[in-house]
Amino acid sequence: MPIIDLANPTRFLRFAERALPWLAGLTLLAFAAGLNLTLGAPDDYQQGATVKIMFIHVPSAWLGMGIWALMTIAALGTLVWRHPLADVAAKAAAPVGAAFTLLCLVTGSLWGRPMWGAYWVWDARLTSVLVLFLMYLGVMALWRTVDDPARAGRAAAILTLVGAINLPIIKFSVDWWNTLHQPASVLRLAGPSIHPSILIPLLAMTLAFVLLFLALHLAAMRNEILRRRVRSLMMMQAQTAPGSGS
Amino acid sequence: MTALAALFVRDVRLAIRVGGGGGIGVLFFLIVVTLMPFAIGPDLALLGRIGPAILWLGALLASLLTLDRLLAMDQEDGSLDLMLTGRSPLELAVAAKALAHWLTTGLPLVIAAPLLGLFLNLDLGSSGAVALTLLAGTPALTFIGLIGAALSVTLRRGGLLLAVLVMPLTVPVLIFGVAASNAALVGPLPFGTPFTILCALTLISIVVGTFAAATALRHGME
Amino acid sequence: MRLLGTQLVCVRGGRQVFAGLDFDVGAGEALVVTGRNGAGKSSLLRMIAGFVRTAGGLLELRHGDPELTLPEQAHYLGHQDALKPSLSVAENLDFWARYLGAEAPGRDGLEAVGLGAVAALPAAYLSAGQRRRLSIARLVAVQRPLWLLDEPTSALDRAAQETLAGLMRAHLAGGGLIVAAAHGPIGLADTKELRLEEAP
Amino acid sequence: MNLGPHAPFIVAAYGIATFVIGALIAWVMLDHRAQLRALDDLELRGVTRRSDRAPEKTA
């Protein structure tokens, strides 16, 4: 089905209904394979078995950043191309992105506890991800505060674009701030060279996470379209009740 | 009593349904706590030492900023007028509103505090102690803020004016809140002494705040 | 029951709005307050409702409930709707009914103003006229002897004006009192008039 | 299988991941059900879409 056809919400709903079971099944398969490979992955000579946390930590981090990139494209879709589904996609992606970013933070903190001796260290990477998490929450708060989806969509799109421009600057600043304060003695998460015996399970888990995101995003978009339909029907109902015109 | 219960339920319901309630307060709290290390530096020992102070300042700012809308929204849509024609005393009505406000904005801050303590290198016990002092102290912040909310509504000026009016009044709460947290962390004072004073301050604020706010509303209405 | 105002003086923002005002409304009577903009129609209603303090004179409701103050026996319908957009139509009315002291918050208020069908909708979706109807439903949901209506017909279509007039007639027939501020007729046949002239 | 001295942290990480993903799935499914119920409610009260669908409001 050409992508242009999906611009029509009703057709998108039909597509989502048909695609979702397949996507869910595929996600399950990918997770089964990924987890299986994870079990077989060798321990790191330095970090021992805790390296297993990486198989969920790193995919969540990639997804956390990737979903913001997706929201940025959707924001362009809202502001520039005025695609009718762009802000639906952006709104549906935000909570999922926030959840994966949170997962990245929590697993990072659980990984850091045995390595650093503290649940939280103001490590440059973790801190940047924390700022990303705050920005996700900000966008979600914006969506929640404004009732009219068209208006909220434009505001959220602008915020998303500003965030996309600012995130590299934030990353750079946090790196600089961090090296200023502490010499690079902290053990970096995910070392520079990754052995294939670890890389392959990592890629498998990443594929599983991406498929999971696609399924969740599709379902959330479907919900959002239905929510807007409910909203417009409610407005119609108010208009047909007595005393609507004055 | 049912009238006050209805008011309480309505305010809680509004806070849950409309964005900008407790969720935003907690988010603000989180951001303030996150910003602190950027200014101070990621020195865990230092952060652990001043952690209770950071948490208390964050909670204070967060609870004051959410107070802005406590009475202003009801004034803008005329609800405040109608409340004056109700049969329950205005003191109890504003107290019910403040209580609902604390439940939806103050309590989430208390719950979030131990979690944010992790960022500041506080162990679970100390975080718990800070949360306990916040539980005892945030009602005082809400009820002191209630005075400011009532004054700013009658003067028809909101936002920063409210914070400026209210912040000096919160000094004692801040002093004893942080003192109690520090006593639990490092001593040398026993935890009980400042904590008892903090509880007393809260009780006084509830009484004074309620009556002052009701008086301000009665005299300021036009 | 009788609402009496004697030698009332109103000062707002340092300006004397009116002075030496006398009026008298009995049970089953409606008083229409007229006058130019700024003559103090709204101020008079807000004064009776207890929102504006009298700068002089006396207001009293004779033979009312001795346990209650004058504002506690009055319904005030102002320009603002006192509605919360995120609550449903029924929730809005139920709250005010319970807060203002109805024994049993019923749905008849909504049916009386023709909003029964949209009871479950958020008030945000209502038009200005529907919001006004919902405010009027408050008058029916809670029994209070004195109705203070500030330009009650504004934003109402003809059908709603008829409905309101019917409600007012029923209220008067039950021994109620109405004080309304208006520029034109409010749909009642037999009313007293109080004309406010702007103070020099 | 031996997870070494830090087993609790690894188990906690996987447990929390399961919880977060489970919460996301539950949110999506409950939200879907709520929207369908709202649509049914409206249809029951006789509000139907013009032709076969409402025009999209976001356009």
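Begin by selecting chains A and D, where 41 residues of chain A are in contact with 30 residues of chain D, two residues being in contact if their C-beta atoms, placed from the backbone, lie within 7 Å. This is a predicted model, in which local features need pLDDT of at least 70 and side-chain atom pairs count only at pLDDT 80 or more, while totals for chains, interfaces and linings use all residues. Residues are numbered from 1 along each chain as its sequence is written, and chains are lettered from A and ligands numbered from 1 in the order in which they are written.

Now colour α1 (9-40), α3 (86-116), α5 (149-181) and α6 (196-240) of chain A, each of which supplies at least two residues of the side that touches chain D; helices (H or I, at least four residues) and strands (E, at least two) are DSSP runs, numbered from the N terminus. On this side of chain A, α6(A) gives the most, with 16 residues.

Next, select chain B together with chain A, where the contact takes 15 residues from chain A and 16 residues from chain B. Here α4 (124-145) and α5 of chain A each supply at least two residues of the side of chain A that touches chain B, and α4(A) gives the most, with six residues.

Finally, move to chain C and select Q7(C), which lies in strand β1 (residues 2-12) and has a phi near 50 degrees, a positive value in a residue other than glycine. Then select A82(C), in the loop between β5 (74-77) and α2 (89-100) of chain C, where phi is near 55 degrees, a positive value in a residue other than glycine.
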